[in-house]
Each structure stands twice: as structure tokens, then as C-alpha cells.
There are 2 protein chains.
Amino acid sequence: MGKSTFIDAFGSNLTKLGNRVAVLAVDPSSGRSGGSILGDKTRMERLAVDEQAFIRPSPSAGVLGGVGRATRETMLLCEAAGYDVILVETVGAGQSEYMVADMVDVFLVLMLPGAGDELQGIKKGILEIADILAVNKADQDAGKARRAARDYASALHIMTAGDAAWKPPVLTVSGLQNQGLDALWETMEKHRHVMVEAGLFDQRRQDQRVKWMWAMVEDRLLTRFRNHEEVRRLLLGLESDVRNDRKTATQAAEDLLSAFGMGDLG
Amino acid sequence: MGKSTFIDAFGSNLTKLGNRVAVLAVDPSSGRSGGSILGDKTRMERLAVDEQAFIRPSPSAGVLGGVGRATRETMLLCEAAGYDVILVETVGAGQSEYMVADMVDVFLVLMLPGAGDELQGIKKGILEIADILAVNKADQDAGKARRAARDYASALHIMTAGDAAWKPPVLTVSGLQNQGLDALWETMEKHRHVMVEAGLFDQRRQDQRVKWMWAMVEDRLLTRFRNHEEVRRLLLGLESDVRNDRKTATQAAEDLLSAFGMGDLG
């Protein structure tokens with residue numbers, strides 16, 4: 001994917017423009033794999049020694065909610081500490097993208113070039129949360145990258161409302177060759193401008209804060225539920241019963257809620 | 001959209017083939033609007049008087065969870081009562097599609113023809129849960145319908161894994177003229193055959209049951225939380241504080257959880 005190379009080049013361009021840049025990583029798997037995959041300083045050679053940059057690997061909190069919370073709080077701290085640009089990096093798996101999309105002002109999806117079958121099977125839902133899409137490694141085969149960009153653009157076109165204030169553009173870039181990264185930053189600045197003008201910039205942040213509050217409430221309620229001793233004791237058998245149709249989903253839910261002290265499914 | 005006309009023709013074809021057909025509607029708005037929009041028998045002239053068919057309008061339970069639960073239980077009853085085909089109709093808004101997609105063996109998305117800008121802004125995420133897509137009203141402008149089908153097909157192509165057992169096809173149909181409905185039913189039967197062969201048919205039903213159990217548990221926990229007297233008293237002020245950045249989302253979540261008796265956000 002070349003993500004570290006991309007961030008190294010993109011972030012270095014930004015510090016040269018006079019910005020203080022923070023790079024935060026969200027990778028719920030990093031705890032399990034024992035080592036951090038994202039935010040690897042050794043793979044960001046220039047940013048790692050750049051005094052205007054701060055790189056924080058993913059917290060190894062294990063659960064997505066914990067990693068997300070730690071990241072969101074670090075973001076707020078970085079903002080308060082005067083960082084101008086905060087790049088939040090995430091893995092292309094699980095639910096981490098949705099969480100990150102709910103934290104940031106602009107969500108960039110970095111893709112690899114490819115065509116036909118190679119294009120297929122991109123992560124479901126990812127095109128829908130993209131504000132900007134960039135096809136990386138355009139240096140290797142410019143024609144292939146342009147064809148991929150065109151195909152993504154037509155898919156995005158179908159999924160974007162005709163009257164949307166912002167229509168996600170598709171760019172081609174090369175992190176390795178530092179190609180198209182200035183244009184990408186200009187596009188991000190344009191996105192911000194368009195969102196501010198449409199009154200959507202603040203609204204998005206406000207909505208994100210409320211959504212985050214509810215996400216934490218739900219996370220806590222479900223964690224309490226799942227960790228409840230009697231619920232845990234029943235769960236394995238009930239899930240198996242429901243899976244194999246020995247018990248209805250409704251009855252099993254009622255059993256679990258009763259065990260938790262919230263019975264009588266209305 | 002011509003959905004009632006489509007269901008009337010499609011369902012009548014199925015009863016003529018010897019099937020007993022049930023039509024259930026899921027429309028969480030039907031309670032609020034005072035009358036049922038979906039499952040309107042007067043708009044399904046043939047099925048309404050067909051002894052092999054049963055039409056049930058949307059329950060006006062108001063909340064999606066309640067409507068969904070009632071529908072799911074009616075589905076199980078219809079299955080037990082010997083209905084061969086159960087059509088579950090939903091509105092093109094809100095979250096009802098996702099709920100219905102988690103209840104059925106095959107999810108058909110019915111679209112209108114159109115091109116360019118008209119294609120844009122289809123409901124986000126809907127292409128991703130589609131097993132089959134059909135462009136309706138193909139009788140009015142066959143060329144337009146074919147172009148729309150081709151555009152949808154290319155978008156679906158990008159979103160489908162190359163090794164997927166089933167790749168969602170796009171058909172053109174006309175409910176009014178009863179065109180393409182036999183081919184649609186054949187495609188649905190083919191889908192079932194492919195899923196069974198791949199071992200995915202039962203797996204999907206098993207996963208749906210477990211998912212449904214958890215959906216009911218979550219629904220109940222959040223309803224309890226939202227209806228809790230002290231939570232309700234605090235909520236309006238806290239949401240406003242979080243929205244306007246007078247209080248952090250974390251602090252507000254903690255306040256609400258404390259009020260609910262589950263404080264000490266870990």
C-alpha cells in the first residue's frame with residue numbers, strides 16, 4: 001500500500017509549508033499482534049526526525065472503543081497544543097475506518113491502482129464515507145492509475161447526491177515520488193472551504209461530538225452487559241441454541257435481559 | 001416508483017406458479033402519518049383478491065425496532081403456516097432496509113430508470129446490501145433503463161469481491177407490463193441455489209438469528225437508558241453542551257452513565 005511512505009512525504013510537505021503536524025494511528029489489532037503496525041517511526045524516516053512533527057503509534061488498548069477513545073483524546077490534546085494538521089491513520093480492516101471518519105474533518109481513502117478484478121472487493125462502505133479518494137503508486141503505471149481513478153470516480157458519482165455541497169474527487173498520487181501531494185493538499189483545503197461556506201464544517205464537528213457521546217454510552221452499556229456474570233454464563237449456550245434454531249432469537253434475548261435484571265421484553 | 005404495481009404483478013405470477021405468497025410491509029413512518037403507505041391492498045388489485053395470497057400492512061408500532069420485531073415474527077408464522085414465498089416490502093428511507101436485509105434470504109433493490117444526475121444520490125449503502133438489483137418501469141424507455149442498469153452494474157462490480165460466490169446482477173423489469181418478472185424469479189431461484197451450494201444459505205440464516213438476538217438486546221438496553229428518568233432529565237442539556245463544546249463528549253457520557261447507575265467510565 002505504501003501508506004507509511006505516503007504519510008512521510010505528505011507530512012514532510014506540510015511541515016515545509018510551516019505546519020506542525022501530528023500523526024496518530026488507530027489499529028485495534030496492534031495489541032494482539034504484539035507490535036505496532038501503524039505509526040511506525042522507522043518507516044517514516046523524514047517525519048521521525050522532523051521537529052515540527054509528532055508521531056504516535058496506535059495505543060494497544062485492544063478493543064476498538066478504547067483505541068478510539070485514546071485517539072480522540074490525543075487529537076484534542078494535539079489541537080490544544082497548537083498542531084495545525086493532525087493526520088489519523090487507520091488500517092483497512094474492521095470497523096476502524098468508520099470510527100475515524102467520525103473524528104476527522106476530511107476523510108481520505110488511499111487506494112492502490114488496479115483495474116477490473118483488482119478493483120473489485122474494496123472494503124464495503126468505504127466509498128461512502130470518503131471525502132477524497134487518492135490512487136497511490138501512480139508512478140509505477142500512470143495509465144493504470146488513471147483508469148482506476150476513472151472507475152472509482154464513476155462509482156462515486158452514482159453514490160453522491162446531485163445537490164451535495166461536496167462531490168468526492170479522485171486523484172492520482174505517488175508517495176514515493178512525491179507526485180500529486182500538493183494537489184491533494186489543495187483539494188483538502190478546498191474541501192474545508194466548501195464545507196465552511198455551506199455551514200457544514202461546524203455542523204459536522206457538532207454531530208461528531210454528539211455521536212461520540214452516544215458511542216461511548218452504547219459501548220459502556222454493552223460492555224457491562226457482556227461482562228455480567230450471569231449473562232456470560234448463559235451466552236455461549238444461547239448463541240448456539242439460536243444459531244441452530246433450538247430457541248428463537250426473541251426468547252434468547254429475553255433470557256439474557258432477565259439475567260441482566262432487565263427482563264420482560266416489551 | 002410503482003412498487004405496489006410491481007408487487008401485485010410479481011406476486012400474482014408466483015401464485016399462478018402454485019405458490020402461496022405473503023406480502024409484509026415494514027414502514028416505521030406509517031404510525032406517524034396516520035395511515036399505512038406500504039402494503040396497501042387497494043393498490044394491489046389482483047393479490048388482494050387472490051386466495052393464495054396474504055397481505056399485511058406495516059404494523060404502526062412507531063419505532064423501527066417494534067415494527068421489525070412484529071414483522072420478523074409474522075414472517076416465522078407465515079413460514080410455519082405454509083407460505084412458500086414471503087415478500088417483505090420496505091420504504092426507501094431511514095434504516096428499515098438494513099433491518100429487512102437482515103431478515104431475508106435475498107434482498108432485491110428496485111430502482112427507477114434514469115441516467116447521469118438522476119442516478120446520483122441513491123441511498124447510501126443500498127448497493128452494498130443488494131443481492132439483485134432491478135430497474136423498474138423499463139416499458140417507458142427501454143434504452144434509458146438499459147443505460148441505468150449498465151451504470152449500476154459497473155458500480156456493483158467495483159464493490160463486489162472477485163471471489164464472491166454471488167455477484168449481484170442488474171435486471172430491467174416492468175411491473176406494469178409484467179416484463180422481466182419471470183427472469184427475475186429465475187434469478188432469485190438461481191441465487192438460492194448458488195447460496196445453498198456454497199454452504200452460505202444456512203449460514204446466512206444462522207448469522208441473521210444471532211444478529212437479531214443482539215439487535216433486540218441492544219434495542220432494549222438503549223430504550224431503558226433513554227427512558228430512565230434521570231437520564232432524560234439530563235440529556236437535553238448535555239447534548240446541547242456537547243454540541244456547543246461546553247462539555248466534552250467523554251464527560252457527558254460519564255454524567256449520563258452515572259445517572260443510570262453505571263458510572264466510572266473505565
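Colleague: Which residue of chain A comes closest to the rotation axis?

Modeller: Please note that this is a predicted model. Chain A can be laid on chain B with an RMSD of 0.0 Å by a turn of 180° and a shift of 0.0 Å along the axis. The two copies are therefore related as by a two-fold rotation axis. Among the residues of chain A, the closest to that axis, at 2.3 Å for the C-alpha atom, is Ala155(A).

Colleague: What percentage of the contact residues of chain A recur in chain B?

Modeller: On one side of the interface, 57 residues of chain A are in contact, and they meet 57 residues of chain B. Both copies use the same surface, and the share of chain A contact residues that recur in chain B is 100%.

Colleague: Which residues of chain A lose the most area to chain B?

Modeller: Between chain A and chain B, about 5400 Å² is buried, and carbon and sulfur atoms give 62% of that area. Three residues together account for 14% of what the chain A side buries. Those that lose the most area are Ile158(A), Trp214(A) and Arg243(A).

Colleague: How many residues of the contact of H9(A) with H8(B) are nonpolar, and how many are charged?

Modeller: Helix H9 (residues 200-227) of chain A and helix H8 (residues 200-227) of chain B have axes that come within 11 Å and cross at roughly 115°, and the crossing is right-handed. On H9(A) the contact is made by Trp214(A), Val217(A), Glu218(A), Leu221(A), Leu222(A), Phe225(A) and Arg226(A), and on H8(B) by Trp214(B), Val217(B), Glu218(B), Leu221(B), Leu222(B), Phe225(B) and Arg226(B). No polar residue takes part; the contact divides into 10 nonpolar and 4 charged.

Colleague: In chain A, which helix lies across E4, E5 and E6?

Modeller: These 3 strands form an open sheet in the order E4-E5-E6 with parallel pairing, and the twist averages 25° from one strand to the next. The helix that lies across them runs at about 170° to E6(A) and spans residues 142-159. This is helix H7 of chain A.

Colleague: Which residue of E5(A) stands opposite Val109(A)?

Modeller: Strand E4 (108-111) of chain A is an edge strand, as is strand E6 (170-172), each pairing on one side only. E4(A) runs parallel to strand E5 (residues 132-135) of chain A, and 4 bridges join the two. Opposite Val109(A) stands Leu133(A).

Colleague: Turning to chain B, which residue is the bridge partner of Val21(B) in E3(B)?

Modeller: An open sheet of 3 strands in chain B has the order E2-E1-E3, with parallel pairing. Its edge strands are E2 (53-56) and E3 (85-90). Strand E1 (residues 21-26) of chain B is joined to E3(B) by 6 bridges. In E3(B), the partner of Val21(B) is Val85(B).

Colleague: At what angle to E3(B) does helix H1 of chain B run?

Modeller: From one strand to the next in the E2-E1-E3 sheet of chain B, the twist averages 15°. Helix H1 (residues 3-16) of chain B lies across E1, E2 and E3 of that chain, and its angle to E3(B) is about 175°.

Conventions:
Residues numbered from 1 in each chain as written. Chains lettered and ligands numbered in written order. Predicted model: local features only at pLDDT ≥ 70, side-chain atom pairs only at ≥ 80, totals over all residues. Heavy atoms only, no water. Axes fitted to C-alpha atoms, helices over the stretch in contact; angles between N-to-C directions. Left-handed = near helix turned anticlockwise from the far one by under 90°. Contact = heavy atoms within 4.5 Å. Nonpolar A, V, L, I, M, F, W, Y, C, P; charged D, E, K, R; others polar. Pairing = 2+ DSSP bridges. Least-squares fit on C-alpha atoms with pLDDT ≥ 70 in both. Buried area = accessible area lost by both parts, 1.4 Å probe.
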